[in-house]
Amino acid sequence: MVPPTMPHGLPPGTLSSGMDLLLNFLYSYLPEPPVRTTASLCCAAAGDSADRVSRLPDDLLRRVVSLLPAKDGARTTALSSRWRHLWRSTPLVLVDTHLLPGGDGERRPAHVGAASRAVTSAVSAVLESHPGPFPFASLTCSFMVHADDRLLARWFLLLAAKGVHELVFVNRPFPIPGLRLPPAIFSCASLRRLCIGAWVLPDTTALPRSAAFPNLRQLFLSCVVMEANDLDFVLAVSPALEILTVTGSLTPLRARLTSHSLRSVQFCLSIMNEIAVVDAPRLERLFLWKNWNERHGLSDVKTTVKIDHVSKLRVLGYLEPGVHLLQIGNTIIEAGSKASTHNTVPSVQMLAVQLQFAFCSEVEMLPIFLRCFPNVETLVVESRAHRETLSNLNLKIWQRANPIECVQSHLRTLAFHELQGRHNEFDFLKFIAENARKLERMFIVMKSELTYAERQVVFAGVGALYSAHWASRDCTVQYTISSLPVGSSTWNFPAGSELSLDDPFEAFRED
């Protein structure tokens, strides 16, 4: 999930492992700039000194200039008097890595402190001199401090006045809490996509009523500090917001999703006390990964996941029986719960769950969770490892499980990841094989970090699975060894925001 280089700013390098992980997620999600400094040019007529380019019409020349990095675009003003006005009349893509002194925008300077101040000055000069609009601005190289408050406010006022459409704004250094974003960011009414990293959000209780993002469709918040009501405020003033992703929230959140425009929501590596879908009639995807309750040290404290008014919710994951307390409508789903029209979500067709098969309490909740989603067609299961050596429990949970509607009548694809060879894992796989009448594909991915003896147990278990009485004669089984890095997931957050992907899991099932 994380690229080897970070094209939007300076690599973390010296940070703690925890902050390194959060920054890796941040940089892996950021959008690629629409212009690059590594493009090559071809000379069609070597030795021909005639200036044929300048004879082209202005509209075509503006298109050429718009594809250049800001530094190169500004240099075209020195070509001739005719070119002088072209740069100022062309929409500008501003990427501050392209302004790094002594570099080409792809390499990193040795002395980041001096380079940062030079880039900050260059960004200010560009924002002041160019009339806009700015279809894309990526500002990730400036190490802002409290002395830069007025400069920050000025930047946002200029971006607002000159029509910025997409903005990537990442601050360094760490740790947070650090510098607070100026309220002027809410004056950028033209914004359609906003990525914020390593900032403290403005005090939303003091903002004027005019503060709004009327055109914002995609919001990414990473390594941020938010007060209790900040997320509620942002949703309320963003009537067109479709995609929300939060990674590494550094303060506890009670996310209450009330929005008539949201279609995809993702929370990752954040302190989440509650995630409640209160009223989101257009929500299609809800993803949760490695979040925790601020009181996670207490064994009985779980993160509450409430789901209500979600007639279009099609994709849901990762539910964790050992981490989440599931509530549908007014009903808390717990041991002994029976499916009814009041505690099921019939719209969900793709479900991902994550659990420790070594813990019978989690395994026993899995069939209960599955009954809450009667129309699931694609089921992704990740078997989580546990640091302690536990007995290989075999409580025959699946042998005595009552019929599950989604398994018997709708399940077509099962992807089981990180298989470790526990009896409860194979009991579950056998249950699916013998009860899923419409199953077409079963993907089994063995965990890579197993000893030779553990692998032999897995091979034997998979072999025995073929002798089960399969309910579907048309199912194909694909078996492989995991290539995922330790601690990662089959889910990919950039792909989760790509709503054009009908099955966002398809690309991440390992061949």
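This briefing concerns the salt bridges of the structure shown above. The model is a predicted one. It holds nine salt bridges, including the pairs Arg193–Glu166, Glu284–Arg263 and Glu320–Arg384.

**Arg193 and Glu166**
- The side chains of Arg193 and Glu166 form a salt bridge with an N to O distance of 2.7 Å.
- Because Arg193 belongs to strand E4 (residues 193-197) and Glu166 to strand E3 (residues 164-170), this pair ties together parts that are 27 residues apart in sequence.
- Arg193 counts as partly exposed, with 23% relative accessibility; Glu166 is also partly exposed, at 23%.

- In the salt bridge between Glu284 and Arg263, the closest N and O atoms are 2.8 Å apart.
- This pair links distant parts of the chain, 21 residues apart: Glu284 is in the loop between strand E9 (272-279) and strand E10 (285-289), and Arg263 is in the loop between strand E7 (253-258) and strand E8 (264-268).
- Glu284 is partly exposed, its relative accessibility being 23%.

**Glu320 and Arg384**
- A salt bridge of 3.1 Å, N to O, connects the side chains of Glu320 and Arg384.
- Glu320 sits in the loop between strand E12 (315-319) and strand E13 (324-328), and Arg384 in the loop between strand E16 (378-383) and helix H9 (405-409), so the pair ties together parts 64 residues apart in sequence.
- Glu320 has a relative accessible area of 5% and is therefore buried, whereas Arg384, at 30%, is partly exposed.

How values were computed. Residues are numbered from 1 along each chain as its sequence is written. This is a predicted model: local features need pLDDT of at least 70, side-chain atom pairs count only at pLDDT 80 or more; totals for chains, interfaces and linings use all residues. Side-chain values use heavy atoms; hydrogens and water are left out. A salt bridge is a side-chain nitrogen of Lys or Arg within 4 Å of a carboxyl oxygen of Asp or Glu. Helices (H or I, at least four residues) and strands (E, at least two) are DSSP runs, numbered from the N terminus. Buried means under 20% relative accessible area, exposed over 50%, partly exposed in between (1.4 Å probe, protein chains only).
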